[in-house]
Amino acid sequence: TLSQVQWDEPQGNGRAGGSSNLYEEQKLLEMTIGKAKEERLRTMDVFVLDNCLRETAVAAVKGQVASDKDQILSAVSKTGISHYIVAAFGELRRPEDVWLMEKRDTLRASPGHFWAFSEIADARTAAAPP
């Protein structure tokens, strides 16, 4: 494609033997394509699922405290993101378990959508689905 062709910037007046200025044409094409891509991004219906509130596997037992989670939720909600992963439920109790119980009514009343991961089995058995 033309966007993959690299042109050297012309020397002098940019013309070789009376041909058109390929460098200027390439720059104009790049600007046109760039504007089309910007407009496409601007009009896309994007789904963003924020993962800031969920504890990582390493920090799951001793990680963010409730006040950290409150600050993170406040900051992220100001960006316009409305879908959040808030927890990863598993065998061990995590700080987010307590935070969610404390915030249950507040989160239900908020305009956001809250998601959680959950372990359904801690081992694969013949009875468990693959």
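Asp-97 lies in helix 3 of a predicted model, in which local features need pLDDT of at least 70, side-chain atom pairs count only at pLDDT 80 or more, and totals for chains, interfaces and linings use all residues. Residues are numbered from 1 along each chain as its sequence is written, and side-chain values use heavy atoms, with hydrogens and water left out. Helices (H or I, at least four residues) and strands (E, at least two) are DSSP runs numbered from the N terminus. Asp-97 counts as buried because its relative accessibility is 10%; buried means under 20% relative accessible area, exposed over 50%, and partly exposed in between, with a 1.4 Å probe and protein chains only. Residues up to four places away in sequence not being counted, Asp-97 touches Phe-89 and Leu-92, where contact means heavy atoms within 4.5 Å.

Helix 3 comprises residues 95–109 and lies across strand 2 and strand 3. The helix runs at about 140° to strand 2; axes are lines fitted to C-alpha atoms, for helices over the stretch in contact, and angles run from 0 to 180 degrees between N-to-C directions. Along with Asp-97, the buried residues of helix 3 are Glu-96, Trp-99, Leu-100 and Leu-107. The cover over these buried residues includes helix 2 (66–77), strand 2 and strand 3. The end C-alpha atoms of helix 3 are 22 Å apart, which agrees with the 21 Å that its 15 residues should span at 1.5 Å a residue; the expected span is 1.5 Å times one less than the number of residues.

A salt bridge is a side-chain nitrogen of Lys or Arg within 4 Å of a carboxyl oxygen of Asp or Glu. Lys-103 counts as partly exposed at 23% relative accessibility, and Asp-70 is partly exposed with a relative accessible area of 30%.

The structure holds four salt bridges. One of them joins Glu-30 to Lys-27, with the closest N and O atoms 3.6 Å apart. Glu-30 and Lys-27 are separated by about one helical turn, because they are three residues apart in helix 1 (residues 22–43). Glu-30 is partly exposed at 38% relative accessibility, and Lys-27 is partly exposed at 35%. Arg-42 forms a salt bridge with Glu-38, the closest N and O atoms again being 3.6 Å apart. Arg-42 and Glu-38 both lie in helix 1, four residues apart, about one turn of the helix. An α-helix has 3.6 residues a turn, so residues three or four places apart point the same way. Arg-42 counts as exposed at 58% relative accessibility, whereas Glu-38 counts as partly exposed at 47%. Glu-38, Glu-39 and Arg-42 are linked in a network of salt bridges.

The strands form an open sheet of three, in the order 1-2-3 and with parallel pairing. Its edge strands are strand 1 (49–50) and strand 3 (113–118), each of which pairs on one side only. Two strands pair if DSSP finds at least two bridges between them. Strand 1 and strand 2 pair in the parallel sense over two bridges, and Leu-49 stands opposite His-83 in strand 2. Strand 2 (residues 83–89) is joined to strand 3 by six bridges, and these two strands run parallel. Between them, Ile-85 stands opposite Trp-115 in strand 3, and Ala-87 stands opposite Ala-116 in strand 3. Strand 2 is mostly covered, six of its seven residues being buried.

Of the 130 residues, 19% count as buried. Among contacts between residues at least 6 apart in sequence, 65% join residues at least 24 apart.
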